[in-house]
Amino acid sequence: MNASRVLLLTCLVTPLLAACGAEPSGPVAAVPVTYTCCEAQDVDRLYQPGQTLTVHWTVESPGEPGATPPQVELTARLTGPFATVGDLKDATAATPAVPGLVTFAAAPVRPSGTPDERPVSTIVIGPDAKPGYYNLVTSVVGDNTASGGGSIVRVAPRP
């Protein structure tokens, strides 16, 4: 092999070998732990006054082993009743003050961030709750992040 070919091979192979090093070139960001709500069984059923709605939070990304878990607060509240799903959606879109609404709230949950954790929020539906459609609002608030969601829960009259 002549010297020009060896020089050409060296120029082509050296960058590839440098890219295969065992050490990363910069700090590797930890995968954050995130939470979402809810399991289908939490909302896809009828509730009655006096029952407890349990909100099962799902850990979406388990985080890095040994990483500092995020400091987050999980909240859930149920507001209603609305006569129809359309009334509920109209009220939440326009955020008007609707007379006769009540809110039942869960105590805030502050999960530890461990991968095997299954946080839950519990909302006791008042024994005198009126039948109708209720807006379940959930939120995840952290140091520099906030997210939320909503679901519709139906409360039926007692038999």
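In what order do the five strands of the open sheet stand? The order is E2-E8-E7-E4-E5, with mixed pairing. This is a predicted model, in which local features need pLDDT of at least 70 and side-chain atom pairs count only at pLDDT 80 or more, while totals for chains, interfaces and linings use all residues. Residues are numbered from 1 along each chain as its sequence is written, and side-chain values use heavy atoms, with hydrogens and water left out.

**Overall make-up**

- The protein has three helices and eight strands; helices (H or I, at least four residues) and strands (E, at least two) are DSSP runs, numbered from the N terminus.
- Along the sequence, these elements follow the pattern α-β-α-β-β-β-α-β-β-β-β.
- Of the 159 residues in the protein, 27% are buried. Here buried means under 20% relative accessible area, exposed means over 50%, and partly exposed is in between (1.4 Å probe, protein chains only).
- The accessible surface comes to about 10100 Å², and carbon and sulfur atoms hold 59% of that. The areas come from the Shrake-Rupley method with a 1.4 Å probe, and for residues only the protein chains shown count as cover.
- Among contacts (heavy atoms within 4.5 Å) between residues at least 6 apart in sequence, 70% join residues at least 24 apart.

**The five-stranded sheet**

- The open sheet runs E2-E8-E7-E4-E5. E2 and strand E5 (102-105) are at its edges with a single partner strand each, so one side of each has no neighbour in the sheet. Two strands count as paired if DSSP finds at least two bridges between them.
- Strand E2 (residues 46-47) and strand E8 (residues 146-155) run parallel and are joined by two bridges. Leu 46 has Arg 154 in E8 as its bridge partner.
- Strand E7 (residues 132-141) runs antiparallel to E8, with 10 bridges between them. Val 137 stands opposite Gly 150 in E8, and a hairpin of four residues links E7 to E8.
- E4 and E7 are also antiparallel, pairing over eight bridges. Thr 79 has its bridge partner in E7, namely Asn 135.
- Helix H3 (residues 85-94) packs on the sheet, where the helix touches E4, E7 and E8, and its direction makes about 40° with that of E7. Axes are lines fitted to C-alpha atoms, for helices over the stretch in contact, and angles run from 0 to 180 degrees between N-to-C directions.

- Where does Leu 78 lie? Leu 78 is in strand E4, and it counts as buried because its relative accessible area is 0%.
- Not counting residues up to four places away in sequence, Leu 78 touches Leu 53, Val 102, Thr 103, Phe 104, Ile 123, Ile 125, Tyr 134, Asn 135, Leu 136 and Val 153.
- Leu 78 and Ala 106 are 28 residues apart along the chain, and their C-alpha atoms are separated by 8.7 Å.

**The aromatic pair**

- A search of the whole structure finds one aromatic pair. The rings of Phe 104 and Tyr 134 have centres 6.4 Å apart and planes at 35°, so this pair is tilted.
- Rings of Phe, Tyr and Trp (its six-membered ring) pair if their centres lie within 6.5 Å; planes under 30 degrees apart count as stacked, over 60 as edge-to-face, and the rest as tilted.
- Phe 104 belongs to strand E5 and Tyr 134 to strand E7, so the pair ties together parts that are 30 residues apart in sequence. Both Phe 104 and Tyr 134 are buried.

**The disulfide and the cis peptide bonds**

- How many disulfides does the structure hold? The structure holds one, where a disulfide is a pair of cysteine sulfur atoms within 2.5 Å.
- Cys 37 and Cys 38 form the disulfide, with sulfur atoms 1.7 Å apart. The torsion about their S-S bond is about 50°, so the disulfide is right-handed.
- Cys 37 is partly exposed, at a relative accessible area of 26%, and Cys 38 is partly exposed too, at 22%.
- Cys 38 lies in the loop between strand E1 (34-37) and helix H2 (40-43), and the peptide bond from Cys 37 to Cys 38 is cis, with omega near 10°.
- Most peptide bonds are trans. Another cis bond runs from Gly 80 to Pro 81, with omega near 0°, and Pro 81 is part of strand E4 (residues 73-82).
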